[in-house]
Amino acid sequence: MPGMGGMAPPPSPSPMNGMAPPSTMGGMDNEMAMTHMTFTWSKNGYILFSGWPGTRTGMYALALIIIFVVSIIVEGLSCRLVKKGPKNVAAGLIQTVLHGLKVGLGFLVMLAVMSFNVGVLMAAVIGHTLGFFLFHSRVFKASDTANCNDGLPSSC
C-alpha cells in the first residue's frame, strides 16, 4: 500500500481469532465435539471421564443417579458426626478425614456440573436439596438439637 512504507496491511481477524475450528485442533476431533460450553439437555456427552457416559442411555441414567447420591452424601457429611467433648486426637482425626471426604466429593459434584448438562445440574441440586432436608432440616430433629446460632447447617 502506498503511504505505509511498503508494509502489508494487517490480516483481517477471523471469526475464531486465528484459531483452527475445534474439530481440527490437536487431533481431538471426537472429544471436542462432545464438549459443550453452553447448557445442553442431551444424554450424549462426557461427565468427569472421557467416554463416560458416552451415547448410552443406561450409563447416562447411572451417572445421574451417582451424582444424586453423592450430593446427598455431601450434605450428610456436613453434619456433626463426632459428638462434642473434651479434646481428643482420634476424634479430631476422624473429623479431619470426614471433612476431606466432604470437600473431595463436593468438588467431584461441581466438576460433574461443569459438564454443562442440565440433567446433571438437576440431579446435583435435587440431591443437595434432599440431603439438606434429611440431615439439616427440623423435620427429623428435636428442636433443641436443631438450634443453630448463625443459620448455617454446618454449625448445627
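**Close-up 1. Asn117 is a buried residue, with a relative accessible area of 6%.** Buried here means under 20% relative accessible area, with exposed being over 50% and partly exposed in between (1.4 Å probe, protein chains only). Asn117 sits in the loop between helix 3 and helix 4 (118-135); helices are DSSP runs of H or I with at least four residues, numbered from the N terminus. Leaving aside residues up to four places away in sequence, Asn117 touches Phe39, Thr40, Ser42 and Tyr60 (contact: heavy atoms within 4.5 Å). Keep in mind that this is a predicted model, where local features need pLDDT of at least 70, side-chain atom pairs need 80 or more, and totals for chains, interfaces and linings use all residues. Numbering runs from 1 along each chain as its sequence is written, and side-chain values use heavy atoms, leaving out hydrogens and water.

**Close-up 2. Helix 2 (residues 57-77) meets helix 3 (residues 89-113), with axes that come within 9 Å and cross at roughly 145°.** The axes are lines fitted to C-alpha atoms over the stretch in contact, with angles from 0 to 180 degrees between N-to-C directions. Helix 2 brings Ile67, Val70, Ser71, Ile73, Val74 and Leu77 to the contact, and helix 3 brings Leu98, Leu101, Lys102, Leu105, Gly106, Val109 and Ala112.

**Close-up 3. Two stretches, residues 23-28 and residues 145-151, have pLDDT below 50.** pLDDT is the predictor's confidence in each residue, from 0 to 100. The chain's mean is 77, and 68% of its residues reach 70 or more. Beyond near neighbours in sequence, residues 23-28 have four contacts in the model; residues 145-151 have six beyond four places in sequence.

Conventions: Helices (H or I, at least four residues) and strands (E, at least two) are DSSP runs, numbered from the N terminus.
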